[in-house]
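Here is a short tour for someone meeting this structure for the first time. Keep the sequence and the model in view while reading.

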Amino acid sequence: MEQIRESPQTHAHSMEGFFPLLSLTEGCGALIIILVAVWTGHYRNGFSWTHDPKLEFNWHPLLMTIGMVFLYANAMLIYRTQRDVRKRRLKLIHAGIMLFIVLLTVIALVAVFDSHNLVIPPQPNMYSLHSWIGMTTVILFCCQVNFGIEHA
């Protein structure tokens, strides 16, 4: 069968405006991470781990923003932004980013569950719509990563 190829003129036209828009969205993503870091670091009194559960919670919004918003978008865009890289290498980079997102998400979930369980008196977990939608999203994301790795 004959392969369908884009002419150089069509390719150039289809990419017109892509990189300025990409730069704008990358800048917005970086700004969101900076704003969440300032909000949790300065206005919510910083970060901690298990010895201060209220400050341990602050890891949750920061890590989820970095992982599930910024890195997830970049993992999807890797195939468009790196067109000159071999596909096998792109798949490995994509898989690495996705696995790193899983790691950040697990740490963020540990932080939020610890912030509920270690406070005196303990607070219930999974009591809001946000928590149920979030847990469903994380489970589906992990299923997606697992499926992608199995079928790579």
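Is isoleucine 107 buried or exposed, or does its relative accessibility put it in between? The model is predicted. Isoleucine 107 has a relative accessibility of 32%, so it counts as partly exposed.

Isoleucine 107 sits in helix α5. Leaving aside residues up to four places away in sequence, it touches Trp49 and Leu63. Methionine 64 is 43 residues away along the chain, yet the C-alpha atoms of isoleucine 107 and methionine 64 are separated by 9.2 Å.

Histidine 94 is also part of α5, the helix of residues 87–117. The side chain of histidine 94 reaches the backbone oxygen of alanine 75 at 2.7 Å. With residues up to four places away in sequence left out, histidine 94 touches Ala75, Met76, Ile78 and Tyr79.

**Helix α2**

Helix α2 runs over residues 18–43 and has 26 residues. From its first C-alpha to its last, α2 reaches 36 Å. That is close to the 38 Å expected at 1.5 Å a residue. Leu22, Gly29, Ile33, Val36 and Thr40 are buried in α2. What covers the buried residues of α2? The cover includes α4, residues 59–81. Just after α2 comes asparagine 45, with a positive phi of about 70°.

**Annotated spans**

An unreviewed UniProt entry places the feature "transmembrane region" at residues 21–39, 59–80, 92–112 and 132–149.

| Span | Helix | Strand | Distance between end C-alpha atoms |
|---|---|---|---|
| Residues 21–39 | 100% helix | 0% strand | 27 Å |
| Residues 59–80 | 100% helix | 0% strand | 31 Å |

**Cysteines**

How many disulfides does a search of the whole structure find? The search finds 0. The reason shows at cysteine 142: the closest cysteine sulfur, in cysteine 143, is 7.2 Å away, which is too far for a bond. A disulfide would need the sulfur atoms within 2.5 Å. Cysteine 143 is likewise in no disulfide, with the sulfur of cysteine 142 as its nearest. Cysteine 142 is partly exposed, at a relative accessible area of 33%. Cysteine 143 is partly exposed too, at 45%.

Terms used
Residues are numbered from 1 along each chain as its sequence is written. This is a predicted model: local features need pLDDT of at least 70, side-chain atom pairs count only at pLDDT 80 or more; totals for chains, interfaces and linings use all residues. Side-chain values use heavy atoms; hydrogens and water are left out. Helices (H or I, at least four residues) and strands (E, at least two) are DSSP runs, numbered from the N terminus. A polar contact is a pair of N or O atoms within 3.5 Å; within protein, one must be able to donate a hydrogen and the other to accept it, and residues adjacent in sequence count only if both atoms are side-chain atoms. Contact means heavy atoms within 4.5 Å. Buried means under 20% relative accessible area, exposed over 50%, partly exposed in between (1.4 Å probe, protein chains only). The expected span of a helix is 1.5 Å times one less than its number of residues. UniProt positions are given in the numbering used here, feature names are shortened, and annotations may be inferred rather than shown by experiment.
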